[in-house]
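Please look at the sequence and the structure before reading on.

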Amino acid sequence: MNILIIEDETKTAKALKAMIERLGDDLHVTGIVPSVKAAIQWLGNQSTPELILSDIQLSDGLSFEIFRTVQPPCPVIFCTAYDQYAIQAFEANGIDYLLKPIDEDKLARGLRKYEQMRQLMGGRVQTIPPGLETLLKQLVHPAYKSSLLVFKNEKIIPISTKDIAFVYSVGGIVHAYTQRGETYLIQEVLDELESILDPSLFFRANRQFIINRAAVQMAEHFFNRRLIVKLSVETPERIIVSKVKASDLLAWLAS
């Protein structure tokens with residue numbers, strides 16, 4: 001079996017090559033490439049491998065960029081430092097993973113999976129299994145929350161994130177304010193919310209506010225190159241964006 005390694009850490013790549021060669025006389029590493037650019041060039045000019053072992057984070061970007069440019073010619077086993085949920089997602093889609101530091105037993109398991117796939121398909125596996133493309137998109141662009149649980153009068157209420165005009169934090173207490181002017185207590189802190197709300201729709205204006213693009217009426221210049229954002233609903237205090245984040249805000253509004 002001819003195997004291509006995509007890995008930018010020289011020590012890790014050499015260790016992976018050595019493990020592969022120990023696991024079988026019929027396993028051959030035909031190339032080691034260290035970057036997105038080098039991998040695209042290699043796949044365009046060299047003979048097609050039967051399996052690719054690829055790191056996710058390379059020196060010049062994510063390896064997913066390789067497979068958006070060059071249609072994967074074979075299955076891919078990813079080396080990943082992603083959290084357990086992403087790892088389980090790979091597992092569910094029939095693609096194995098190598099969690100760094102690389103474990104030889106897990107590598108052997110991944111190679112066995114490939115062999116099982118090849119046998120089931122009666123020979124060489126031409127493409128990666130169905131569902132991986134969707135999974136890669138989810139990992140690069142995670143599925144953001146479309147609803148949140150909020151609290152009011154001892155009731156737990158699901159609300160759509162698109163109905164949230166802004167989220168406001170003060171004294172460690174966080175509230176969601178809706179487009180209709182309703183106010184709800186929310187259990188997540190702003191740092192958590194920033195990671196689960198779609199950044200194309202929501203912007204972290206400062207330490208106290210996350211705002212929804214749909215609620216923004218205007219931004220105006222303020223003292224010392226800062227900006228004040230005005231929303232379509234009343235806010236507990238002015239939303240002031242620092243000069244450091246001002247350009248990010250304007251780019252977000254223009255995107």
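Two strands pair if DSSP finds at least two bridges between them. Helices (H or I, at least four residues) and strands (E, at least two) are DSSP runs, numbered from the N terminus. This is a predicted model: local features need pLDDT of at least 70, side-chain atom pairs count only at pLDDT 80 or more, and totals for chains, interfaces and linings use all residues. Residues are numbered from 1 along each chain as its sequence is written, and side-chain values use heavy atoms, with hydrogens and water left out.

**Strand pairing**

- Strand S10 (residues 164-170) runs antiparallel to strand S11 (residues 173-178), and six bridges join them.
- Tyr168 has His175 of S11 as its bridge partner.
- Two residues separate S10 and S11 in their hairpin. Gly171 sits in that turn with a positive phi of about 60°.
- S11 also pairs with strand S12 (residues 183-186), again in the antiparallel sense, over four bridges.
- Tyr184 in S12 stands opposite Ala176.
- The hairpin of S11 and S12 has four residues between the strands. There, Gly181 takes a positive phi near 85°.

**Helix H1**

- H1 has 14 residues, which should span 20 Å at 1.5 Å a residue; its end C-alpha atoms are 20 Å apart, in agreement. The expected span is 1.5 Å times one less than the number of residues.
- Thr12, Ala13, Leu16, Met19 and Ile20 are buried in H1. Buried means under 20% relative accessible area, exposed over 50%, and partly exposed in between (1.4 Å probe, protein chains only).
- Seen down the axis, the buried residues of H1 fall within an arc of 125°, so they line one face of the helix. The arc is that of the directions from the helix axis to the C-beta atoms.
- Thr10, Lys11, Lys14 and Arg22 are exposed on the other side of H1.

**Helix H8**

- Helix H8 (residues 243-254) has 12 residues. Its first and last C-alpha atoms lie 17 Å apart, close to the 16 Å expected at 1.5 Å a residue.
- Which residues of H8 are buried? They are Ala246, Leu249 and Trp252.
- The buried residues of H8 pack against S13, strand S14 (209-212), strand S15 (216-222), strand S16 (226-231) and strand S17 (239-241). Contact means heavy atoms within 4.5 Å.

**Nonpolar core**

- The largest nonpolar core has 19 residues. Such a core is a set of buried Ala, Val, Leu, Ile, Met, Phe, Trp, Tyr and Cys residues joined through side-chain atoms within 4.5 Å.
- Phe166, Phe209, Ile211, Val229, Leu231, Ile239 and Leu249 touch the most other members.
- At least two residues of this core come from each of S10, S14, S16, S17 and H8.
- Leu231 is in contact with Ala165, Phe166, Ile211, Ala215, Val216, Gln217 and Ile239, leaving aside its neighbours within four places in sequence.

**Salt bridges**

- How many salt bridges does the structure hold? There are six. A salt bridge is a side-chain nitrogen of Lys or Arg within 4 Å of a carboxyl oxygen of Asp or Glu.
- One of them joins the side chains of Glu104 and Arg22, at 2.9 Å from N to O. Glu104 lies in helix H5 (residues 104-120) and Arg22 in helix H1 (residues 10-23), so the pair ties together parts that are 82 residues apart in sequence.
- Glu104 is partly exposed, at 28% relative accessible area, while Arg22 is exposed, at 53%.
- Asp191 forms a salt bridge with Arg204, and their closest N and O atoms are 3.1 Å apart. Asp191 is in helix H7 (residues 190-196) and Arg204 in strand S13 (residues 202-204), 13 residues apart.
- Asp191 is exposed, at 54% relative accessible area, whereas Arg204 is buried, at 14%.
- Arg204 also meets Glu194 in a salt bridge (3.1 Å, N to O). Glu194 is in helix H7, 10 residues from Arg204.
- Glu194 is partly exposed, with a relative accessible area of 42%.
- Shared partners join Asp191, Glu194 and Arg204 into one network of salt bridges.
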